[in-house]
Amino acid sequence: MVVKLTDVAERAGVSPTTVSRVINKKGYLSEKTIQKVKQAMHELGYKPNNLARSLQGKSPQLVGLIFPNISNVFYAEYIERLEIELFKQGYKTIICNSEKDPVKERNYLEMLAANQVDGIISSSHNLGIEDYERVEAPIVAFDRNLAPNIPIVASDNFQGGVLAAKTLQKGHCQKIIMITGNDNSDSPTGLRQLGFSYQLNRTAEIIKLPHHLSPLRREMEIRSILASRKPDGVFASDDLTAILVMKVAQQLGWHVPNELKVIGYDGSHFIETYFPQLTTIKQPINEIAVLTVDILLKKIAKEKTSKDYILPVSLVPGGSI
């Protein structure tokens, strides 16, 4: 049975108007009355209808987060930081796991728009520009080109690629390859490859590994790549792929770092804690989250924002170089 506002009023012994005023924090009410209403809401399990409040011109205090894979350790940590920061600012979050599925992403985008959320933070890239441009809510993108008018927050992907290449060069690697995803969305993450190639004068082979492959299939593909190319240095565009490269190398009987040097990209707290042997390019996740929320709040307040926000990366030494 759905609990109604009138049920709360009856339990608290006040009028429905008083309950509405407590929910919307409108007008003067004694602390005793406020607590009576809140207690009745708690006892009945009543939750204010955010959609109805938004239709009345009141902010639902909701922000939607659209991400392609919430089980990815980097995304999971970034989402956690976003939620914490948004909660500090008085906002609740709706987490949407698009799974790189354009149909699912479109459904989530429509759902968020229908609920008139205050804002959206997206790191997905399945849909065309027109899909995001049609959404009235303020949007901030992480590492994705969603539309010309949507600001982007990202780490310095180009310098990250340069730093990865320089690190392998200092390790005296002669046959270097990069393993990256097959993202053709012209997003900032592609600058990792550009910076890497620039530093190595385009001499390194760039191998694109589709993201949709199962872990077993990815392992098979990496085994084939290592066995056929026989590199002595590998830059993986994310840490999980770098860890898989090290695993396969060990299975092939290769010693890391003596015979094969490996460097990843992301540097999440999970990697620092549970796989510190990996050398990686660290993105400042906490600073990225704080900046992303700050920009979204500015857009919600209709303040002017820039198009691109780029934060510096750093090298986290490990035993794989």
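What follows is a short chat about the sheets, helices and cores of this predicted model.

Me: Before we start, what should I know about the model and its numbering?
Reply: This is a predicted model, where local features need pLDDT of at least 70 and side-chain atom pairs count only at pLDDT 80 or more, while totals for chains, interfaces and linings use all residues. Residues are numbered from 1 along each chain as its sequence is written, and side-chain values use heavy atoms, with hydrogens and water left out.

Me: OK, take the sheet with E1 in it. What's the strand order?
Reply: That open sheet has 6 strands in the order E2-E1-E3-E4-E5-E11, with parallel pairing. Strands here are DSSP runs of E, at least two residues, and helices are runs of H or I, at least four residues, numbered from the N terminus. Two strands pair if DSSP finds at least two bridges between them.

Me: Which strands are at its edges?
Reply: Strand E2 (92-97) and strand E11 (308-311), and each pairs on one side only. Neighbouring strands in this sheet are turned by 20° against each other on average, direction ignored. For angles, axes are lines fitted to C-alpha atoms (for helices over the stretch in contact), and the values run from 0 to 180 degrees between N-to-C directions.

Me: How many bridges join E1 and E2?
Reply: Strand E1 (residues 62-67) pairs with E2 in the parallel sense over 6 bridges. Phenylalanine 67 stands opposite asparagine 97 in E2.

Me: Which helix packs on that sheet?
Reply: Helix H13 (residues 285-300) does, touching E1, strand E3 (119-122), strand E4 (139-142), strand E5 (152-155) and E11. Contact means heavy atoms within 4.5 Å. The direction of H13 makes about 160° with that of E4.

Me: And the sheet with E7, what's its order?
Reply: E7-E6-E8-E9-E10-E12, an open sheet of 6 strands with mixed pairing. Strand E7 (205-208) and strand E12 (314-316) stand at the edges with a single partner strand each, so one side of each has no neighbour in the sheet.

Me: Where do E8 and E9 meet?
Reply: E8 and strand E9 (residues 261-266) pair in the parallel sense over 3 bridges. Valine 234 has valine 262 in E9 as its bridge partner.

Me: Which helices lie across this sheet?
Reply: Among them is helix H8 (residues 157-170), which lies across E6, E8, E9, strand E10 (279-282) and E12, at about 165° to E9. Helix H9 (residues 190-199) lies across E6, E7, E8 and E9, running at about 175° to E6.

Me: Switching to cores: which residues touch the most other members in the largest one?
Reply: Leu226, Val245, Leu260 and Leu278, out of 24 residues in the largest nonpolar core. A nonpolar core is a set of buried Ala, Val, Leu, Ile, Met, Phe, Trp, Tyr and Cys residues joined through side-chain atoms within 4.5 Å. Buried means under 20% relative accessible area, exposed over 50%, and partly exposed in between (1.4 Å probe, protein chains only).

Me: Which element gives the largest share?
Reply: H11, with 7 residues of this core.

Me: How many disulfides are there?
Reply: The count comes to 0, where a disulfide is a pair of cysteine sulfur atoms within 2.5 Å.

Me: Is cysteine 96 buried or exposed?
Reply: Cysteine 96 counts as buried, because its relative accessibility is 0%. Cysteine 173 is buried as well, with a relative accessible area of 9%.

Me: Last one, which residues of H1 are buried?
Reply: In helix H1 (residues 5-12) they are Val8, Ala9 and Ala12. Just after H1, glycine 13 takes a positive phi of about 75°.
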